[in-house]
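Please load the structure in your viewer and keep the selection tool handy.

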Amino acid sequence: MILCQELTKYFDETKALDGICVSIQKASIYGLVGSNGAGKSTLMRIIAGILQQDSGLVTVDDMPVWEDPLQKSRVFLVADEPYFVPQATLESMAAFYGRFYPAFDRGLYERLCDAFSLPRRKRIATFSKGMKRQAAFLLGMAAKPDYLMLDECFDGLDPVKRQVVRKVLSDTVAEREMTVIISSHNLRELDEICDTVGILHKGKLLYSKDLDDLKGEVHKLQAVFLSPVTEEELKNSLEVMAMERHGKFWTLIVRGDMSSVEEALAQYEPAAVEAYPLTLEEVFLYEMEVKGYDANVIFQ
Amino acid sequence: MTPMLSSSKLNRLGSVYRDCLSRYKSVFILYAVVLFVSGPVFLFPEVLEWMTYERRYFHGLSTEVLFHFAALILSCLLPLLLFTYINNRQAVDVYHAMPVTRDKLYWGNVLGGATILLAPYLALGIPCGIICEVLDSGTNGMLSRVFWIALGMLALYSTMVFVMVNCGTLFESIVYFGIAQLAYPLLILAVMSSLGEFTFGWEESIESGVPGFLAAFAPGYLLVNVVFGNGTTSWQVIVQQAATITAALFFGMILYRRRRSESAGSAFAFRPLFYVGALMVSITAGVGCSLIFDDYGGLMIIISAIVGVLCYFILDTVRNRGLSRVKETALVSLGGVVAVAMFYGLAHLTGTFGYEDHVPSAGVKSVAVQWNAGSENYLSSSFVMTDEANIARVIEVHEAIVENKKAIEDFYDTMGLDDELTPVEDGYIRYRFDDGSGDGWDYGNGRVTVKYTMLDGRTVSRRYNNIPLTLTQPLYQAAASGEYRNLQWIGLKEALENGDFDKADCWNFSLDRSDGWFGTDIENEVAASLAQAMIADLESRPDDWNVHPESTPISELELYPIMETGRQNMSNYSMKIYERDRNTIVWMEQHGYAIDYEQYISSAGQDIISARNETTTAVTETKPTIDYEIAYGTEVYEHTIAVLRADDRDTFWKDCKELFYFGGYDSWQSDFEKMGYNECRVMISERELDVLRSKASSHYISEEPRDVLIVDGNSFLIYPEYSAWMHEQGYTLTK
């Protein structure tokens, strides 16, 4: 388990992480989402032992990671901009990682190379963006870490390769209880694969919940009110995140338990109420809108 | 779940080390090839030629410079390659995420780089050096240069590593490495030179004293000494360089541990290096300007401050990538100017922190004095004196100089120094010196350079110009002491005993005569016999032989070896010749190098009268000034001779052939009139003039009033044994 308690990190005067408290369970796939500059990569780098927090605690299975080679050998970060040694090939990078990660699995590396159809002896500098991401991913997998962090790993991959990545991750989590933390702006991908999601905004962790629970807390309702209803009345009765009205047709995004919402709506005698499932992306957008991070606010 | 791994399989220095060697394999190969080609490949034909032509002369490794140069270049570049990852955010994510501690990561790369750097250099350089030494009879020096340069390489390498750890970009790393190598020694040089401008007795070079000690920490110092010096260096410099290497690597490790990964791409990971480097550049530039513009007085200070502030401003703006911190920059600049001003102010007030007044009065092991007046070297610093009496004499003179500091410093502005001085010993007040407007090279004032070696190994050096000779009487005693004379000939004696005269191909022998220096080359055997004569004369000088008129040298002799390659491995030998040095003088005559003095001594006084021109006006007692015409072909030259009968005030200290003037170059005639003397003019031939001059000496000091011969404004003291003869010939001055 990865545990962060009151984690704070500054870059000069900028507070990148502000009192983050999060617990990431073992053998799960944790999705880390957030606005640009929210602190996702910073959090991952602290967990990987690359950056040191200014205050707070970060532990992996109750042991700090910073300057602990044993703990570090169990954590692997595939960064958003993967780095390879100059003039390196996949083979030389495999040798590089094999030198430092005792669990590096040569067989797994070769299987993954075949799966992704990547040439092993060609210079990585000649790879496309997507191929580089695949290379970074398979090297990370071959290191057989207990905790794998993927920063924007789906970016640049074609749909088939995305499926391959999802399959590899799912299988590995199931087989050896690896824990995966994925950061991505492609919330549809995360929606399909993640068990738990954390939403970061301006260095603060807004939510860290089971995905189903998160979705279960936010509802999209379409209702028709025959009698007049004002926006204020609805906002007073419900925790409204967003609201649209077209004549008598209301579209409401509300937070709360569904039965409580229905009960609150009943007082206004709606002619009809329909609930629609929300995707993770929609949940994210509405959550950000509440925080003022909305396209209509940013660009008017 | 992956099984827990024991920590013994992780975090191995060897893994990092091997990784480093593996990653830079191509660099290693290329470097080794360059060294191999510039070393053994080019040496092979030289060896072949040496073996083929029956061990003829060995020319050495012609590409030795390239061999060392390639290694030195890589010393600076390799850390840029090894540690470039810490300036790249993506690379840092990989390296600092690895299950390796910072220490292992640091040392693995440092040691890997050192191996790449030194292994081929030593593996190829040592055998080449041995071969060169063997073929060149041990005089080649390449083997020792390999070791010294290897040390210099490590020093450059380690300082570049340290700079890389401190900086966040490649640009800053290169710039501040350059600053560290250049600005540091230049700062020492600039501060030292500027202090020397106003410090009485300043004699500090970047090769000695505190400046030398500080400069010896710089890698460039060792390399310059080895490359441009005599190919070797002292143990102290080696220790200091080792300290530089150790400190750079050790503190580099400490800083690397603390370095924040997010500092990659920022100008500096640790700002102190910037402040140190920028202030070094600024102070060097400012102080350097003060030396260039020292004629501008107060304006110089303003210009220097502006230049210094400007340099700091530019560097700080580059560091901040803009003008975002102008206020902080301005404050630091102002602080720097104030600090420098306070430093120099304090230095001025305290006599450069006590430097000016310091005279080592105890704990002196030896002393070497270079004492020059005019073109005469009365004491040479080649001869180091350890006798307590001589050390005491030197200290006495030194204390007298310091006591009269103000008068000596003001000498350029005041006429006559005697009244201002505190003489060393009463009785020498009678020595009067002319106004001398030079820097001590003329009119008898001397330059005294003293170097003390203390019992604790320190050296203390001072240099004083324009030192009136009235203060230097004890130095005469030192020059005439048994110890000094022994030192003069001991080198010769050792050279003879060691057979050094056989090692030179020939010797250059120079003799100072009245018509100038005469020089010629002589064979080893001839030089050896001359040296024998010189030693015999030096050994025969009595212990109580002190400064008196008879000790005036009549000539000076120099002997130094010429090797075929032009290099001299032995010092030259010099000796002043006195009338008593019969062995040397006879040797000169026998070999046809007679000193002028000898020729004239045997001349008869009657020749003067018989050779006198018919048109010559007879000298009368009332006509002390002599004009003469010399007929030379169809041209006639006119000269003036005056002969004075000196009184107490007219006794001179003579300095080579260009002597004091009585009251100045052309003013002696008016001085005659003031003193009530009458002019005397007589026509004599050049031969007669030569005879007259043979009775006088250009090297003379007298405690008694003597007659003075003035020819064309040049003054000569008449030897005491010829005073009567001068009067008999009518060359007298009367009132």
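In which loop of chain A does A:Glu177 lie? Select A:Glu177 and you will land between helix 6 (159–176) and strand 8 (179–183) of chain A. Before going further, please keep in mind that this is a predicted model.

**Stop 1: residues with a positive phi in chain A**

Stay on A:Glu177 for a moment. Its phi is positive, about 55°, although the residue is not a glycine. Why is that worth a click? Most residues other than glycine have a negative phi. A:Glu177 counts as partly exposed because it has 13 C-beta neighbours inside 10 Å.

Now select A:Asp61, which is found in the loop between strand 4 (55–60) and strand 5 (63–64) of chain A. Here too phi is positive in a residue other than glycine, with a value near 55°. A:Asp61 has 15 other C-beta atoms within 10 Å, so it is partly exposed.

Which residue stands opposite A:Ile2? Look in strand 2 of chain A for A:Ile24. At the turn of this hairpin, two residues sit between the strands, and A:Asp12 takes a positive phi near 55°.

**Stop 2: chain A as a whole**

Zoom out and show chain A by itself. Along its principal axes, the C-alpha trace spans about 70 × 40 × 40 Å. Of the 300 residues in chain A, 40% are buried. Among contacts in chain A with a separation of 6 or more, 70% are between residues 24 or more positions apart.

Colour residues 2–202 as domain 1 and residues 214–298 as domain 2 of chain A. Taken over C-alpha atoms, the centres of these two domains are separated by 36 Å. Where they touch, domain 1 of chain A gives nine residues and domain 2 of chain A gives nine residues. On the domain 1 side, the elements that give two or more residues are helix 7 (187–193) and strand 9 (196–201) of chain A. Helix 7 of chain A has the largest share of that side, four residues. By class, the domain 1 side has five nonpolar, two polar and two charged residues.

While you are in chain A, select A:Glu231, which is found in helix 9 (residues 231–237). Is A:Glu231 buried or exposed? It counts as exposed, because it has 12 C-beta neighbours inside 10 Å.

**Stop 3: where chain B touches chain A**

Show both chains. The contact between them takes 25 residues from chain B and 27 residues from chain A. On the chain B side, helix 1 (13–23) and helix 4 (89–95) of chain B are the elements that give two or more residues. Helix 4 of chain B gives the most, with five residues. The chain B side divides into ten nonpolar, eight polar and seven charged residues.

Now focus on helix 1 of chain B, where the buried residues are B:Ser15, B:Val16, B:Asp19 and B:Cys20. They cover an arc of only 135° around the axis, which puts them on the same side of helix 1 of chain B. These buried residues pack against helix 3 (90–100) of chain A, together with helix 3 (64–82) and helix 5 (102–135) of chain B.

**Stop 4: two further helices of chain B**

Select helix 13 (residues 326–349) of chain B. Its 24 residues should span 34 Å at 1.5 Å a residue, and its end C-alpha atoms are 34 Å apart, which agrees. B:Thr329, B:Ser333, B:Gly336, B:Val337 and B:Val340 are buried in helix 13 of chain B. Their cover includes helix 11 (272–292) and helix 12 (298–320) of chain B. Just after helix 13 of chain B, B:Gly351 takes a positive phi of about 65°.

Finish at helix 20 (residues 524–540) of chain B. Its buried residues include B:Ala527, B:Leu530, B:Met534 and B:Leu538. Seen down the axis, the buried residues of helix 20 of chain B fall within an arc of 165°, so they line one face of the helix. On the other side of helix 20 of chain B, B:Glu525 and B:Glu539 are exposed.

Key. Residues numbered from 1 in each chain as written. Chains lettered and ligands numbered in written order. Predicted model: local features only at pLDDT ≥ 70, side-chain atom pairs only at ≥ 80, totals over all residues. Pairing = 2+ DSSP bridges. Contact = placed C-beta atoms within 7 Å. Nonpolar A, V, L, I, M, F, W, Y, C, P; charged D, E, K, R; others polar. Domains from an automatic or database assignment. Buried ≥ 20, exposed ≤ 12 C-beta atoms within 10 Å, placed from the backbone. Arc of directions from axis to C-beta. Expected span 1.5 Å × (residues − 1).
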